[in-house]
Amino acid sequence: MLFRSQTMQTVMKSKESVGDSHAVKRTYRDALRGRLAEFDQKLKSLQEGIVPPERMAKVLEGVLASIGGLQLVSLRALPPNKFEPARTATEAQAAGKSGTPAAKEPERTIYQHSFEVTLQGSYDDMYEYLARLEKLPWQMFWSRISVRADQHPKLQMTLTVKTLSLAKAWLVV
């Protein structure tokens, strides 16, 4: 909403000073382009801090290789999905009551790429693996973790991690 109000203020100022309707439209278009450029810059900055999807498998395997007691059971890529931020209950309710038509597909879509890695080993080794993942210079998002103790003292851990990108296509493991 802040974006819309700032853009409308720019348009209103131009409307007051210029009677030409094309000038108003050009001003509005230029203001939108400026905001889009700001958004693109912020998005680029965010992307530099997270693991690119095409490197995720190598990163997970690299950390695994540094811990001798863990065994890789499986590593698989899950299908990419469109990233949709979680809505609050109030936002979802407001969207349902608004009765507005569905918005058109955005020009820039963010995709969520997921990996599922299953490891077997001791609790200490698994803890060390997770701690090293957290200390990496890039970010990844943990979505799910489960631990099975069927063969105690050996544990089996399944971890699902996610990353984001603007590209739907990526290297599949």
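## Salt bridges

Arg-29 and Asp-30 meet through their side chains in a salt bridge, 3.1 Å from N to O. The model is predicted. Arg-29 is partly exposed, at 34% relative accessibility. Asp-30 is partly exposed as well, with a value of 41%. The structure holds six salt bridges.

A second bridge links the side chains of Arg-144 and Glu-116, at 3.7 Å from N to O. Arg-144 sits in strand β3 and Glu-116 in strand β2, so this pair ties together parts that are 28 residues apart in sequence. How exposed is each partner? Arg-144 counts as partly exposed, at 42% relative accessibility. Glu-116 is buried, with a relative accessible area of 14%; the cut-off for buried is under 20%.

Arg-148 and Asp-150 form another salt bridge, with 2.4 Å between N and O. Arg-148 is partly exposed, with a relative accessible area of 46%. Asp-150 is exposed, at 59%. Bridges with shared partners also build a network, and its members are Arg-76, Glu-116 and Arg-144.

## The sheet

Four strands make an open sheet. Their order is β1-β2-β4-β3, and the pairing is antiparallel. Strands β1 (71–82) and β3 stand at the edges. Each has a single partner strand, so one side of each is left without a neighbour in the sheet. From one strand to the next, the twist averages 15°.

In a regular strand, side chains alternate between the two faces of the sheet.

## Strand β4 and its partners

Strand β4 spans residues 154–165 and is mostly covered. Of its 12 residues, 10 are buried. On one side, β4 pairs with β2 (residues 111–121) over 11 bridges, in the antiparallel sense. Tyr-111 has Ser-165 of β4 as its bridge partner. Gln-112 stands opposite Leu-164 in β4.

Strand β3 (residues 141–151) is joined to β4 by eight bridges, and these two strands also run antiparallel. They form a hairpin, with two residues between the strands. Which β4 residue is the bridge partner of Arg-148? The partner is Gln-156.

Helix α3 (residues 53–65) lies across β1, β2 and β4. The direction of α3 is at about 150° to β4. Helix α5 packs on the sheet too, touching β2, β3 and β4. The direction of α5 makes about 10° with that of β4. Both helices therefore touch β2 and β4, by the contact cut-off of heavy atoms within 4.5 Å.

## The nonpolar core

The largest nonpolar core has 23 residues. Those with the most contacts inside this core are Leu-60, Phe-115, Tyr-129, Leu-133 and Met-140. Which elements give two or more residues? They are α3, β1, β2, α5 and β4. Helix α3 gives the most, with six residues.

Tyr-129 shows how such contacts reach across the sequence. Leaving aside residues up to four places away, Tyr-129 touches Leu-60, Val-63, Leu-64, Ile-67, Leu-70, Val-117, Leu-119, Met-157 and Leu-159. Among these partners, Leu-60 is itself listed with the most contacts in the core.

## The aromatic pair

How many aromatic pairs does a search of the whole structure find? It finds one. Tyr-123 and Tyr-127 form this pair, and the rings are stacked.

How values were computed:
Residues are numbered from 1 along each chain as its sequence is written. This is a predicted model: local features need pLDDT of at least 70, side-chain atom pairs count only at pLDDT 80 or more; totals for chains, interfaces and linings use all residues. Side-chain values use heavy atoms; hydrogens and water are left out. Rings of Phe, Tyr and Trp (its six-membered ring) pair if their centres lie within 6.5 Å; planes under 30 degrees apart count as stacked, over 60 as edge-to-face and the rest as tilted. Buried means under 20% relative accessible area, exposed over 50%, partly exposed in between (1.4 Å probe, protein chains only). Two strands pair if DSSP finds at least two bridges between them. Axes are lines fitted to C-alpha atoms, for helices over the stretch in contact, and angles run from 0 to 180 degrees between N-to-C directions. A nonpolar core is a set of buried Ala, Val, Leu, Ile, Met, Phe, Trp, Tyr and Cys residues joined through side-chain atoms within 4.5 Å. A salt bridge is a side-chain nitrogen of Lys or Arg within 4 Å of a carboxyl oxygen of Asp or Glu.
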